Amino acid sequence: MTDYGVEIRRIAQWTMYAMALYALGWGFTPYTPVFAGLLLGGAFSLYNVWSMYQKIRKLGEAAASGGRFMTLGTLSRLAVGALAAVVIIQFPDEFHPAGVVGGLMTPYVLIFFRSLLEVRRL
Amino acid sequence: MELGALAAAIAVGLAALGAGIGNAIIVKSTIEGIARQPELRSSLQTVMFIGVALVEAIPIIAVVIAFLSIF
């Protein structure tokens, strides 16, 4: 596996650790809708990370070998956000909106802190 | 309802505009870098991933909030 793949795998791993913490919060705290929302958002965000990984890998291959590359998949990732919103609207008692948004942002926050560490290392 | 739809349209539109410009700059720089130095492909892809993730975080929040403001 390339360094890129290892990096993405690490981010997915951290996201799953965060989701494990959310599951603990869902089971052991009274804030069940918030943590259920965080879990839902985390699950959707894992798809987003996977989608970004695949698209950027294919873009790199196309750039190196001179192939064609059409789309980066932004629309499908935005559609995942819309799907999360639809789930919130359908089940307002089970999922808290702030929790779902926080869950969707989990890997992005982790990536942000990871990039800060990279900048510090340089 | 109408104002909610207008707010949603403005939020998603502006966020998508920003994300489009940001992604375009990131992809341009990455492709130029890979074309110049193909051996750096892996590290450039990692940097591109970080950039795309940071750029796309805001439009995803905007889409969720826009949908919630419509319904």
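## B:Leu6 and helix 1 of chain B

B:Leu6 is partly exposed, with a relative accessible area of 48%; buried means under 20% relative accessible area, exposed over 50%, and partly exposed in between, with a 1.4 Å probe and protein chains only. The residue B:Leu6 belongs to helix 1 (residues 2–36) of chain B. Helices are DSSP runs of H or I with at least four residues, strands are runs of E with at least two, and both are numbered from the N terminus. Between the C-alpha atoms of B:Leu6 and B:Ile21, 15 residues apart along the chain, the separation is 22 Å.

## Basis of the model

This is a predicted model, in which local features need pLDDT of at least 70 and side-chain atom pairs count only at pLDDT 80 or more, while totals for chains, interfaces and linings use all residues. Residues are numbered from 1 along each chain as its sequence is written, chains are lettered from A and ligands numbered from 1 in the order in which they are written, and side-chain values use heavy atoms, with hydrogens and water left out.

## Annotated domain in chain B

An unreviewed UniProt entry lists residues 6–68 of chain B as "domain: V-ATPase proteolipid subunit C-like". UniProt positions are given in the numbering used here, feature names are shortened, and annotations may be inferred rather than shown by experiment. Residues 6–68 of chain B are 94% helix and 0% strand, and the end C-alpha atoms of this span lie 13 Å apart.

## Salt bridges

A salt bridge is a side-chain nitrogen of Lys or Arg within 4 Å of a carboxyl oxygen of Asp or Glu. Over all chains, the count is 5 salt bridges. A:Glu7 and A:Arg114 form a salt bridge in which the closest N and O atoms are 2.5 Å apart. This pair links distant parts of the chain, 107 residues apart, with A:Glu7 in helix 1 (residues 3–28) of chain A and A:Arg114 in helix 5 (residues 106–121) of chain A.

Because B:Glu56 lies in helix 2 (residues 41–70) of chain B and A:Arg77 in helix 3 (residues 74–90) of chain A, the pair joins two chains. B:Glu56 is buried, with a relative accessible area of 1%, and A:Arg77 is buried, with a value of 0%.

In the salt bridge between A:Glu61 and A:Arg57, the closest N and O atoms are 3.0 Å apart. A:Glu61 and A:Arg57 are separated by about one helical turn, because they are 4 residues apart in helix 2 (residues 32–65) of chain A. A:Glu61 counts as partly exposed at 34% relative accessibility, as does A:Arg57 at 24%.

B:Gln45, in helix 2 of chain B, is buried, with a relative accessible area of 3%. Not counting residues up to four places away in sequence, B:Gln45 touches A:Tyr4, A:Ile56, A:Arg57, A:Gly60 and A:Glu61, where contact means heavy atoms within 4.5 Å.

## The largest pocket

A pocket is, on a 1 Å grid over the protein atoms alone, an open set of points where a 1.4 Å probe fits, with protein on both sides within 12 Å along at least five of seven lines; lining residues have an atom within 4 Å of a point. The largest pocket is lined by 13 residues, of which A:Glu118, B:Ser43, B:Thr46, B:Val47 and B:Ile50 lie nearest its centre. Helix 2 of chain B gives the most to this lining, with 5 residues.
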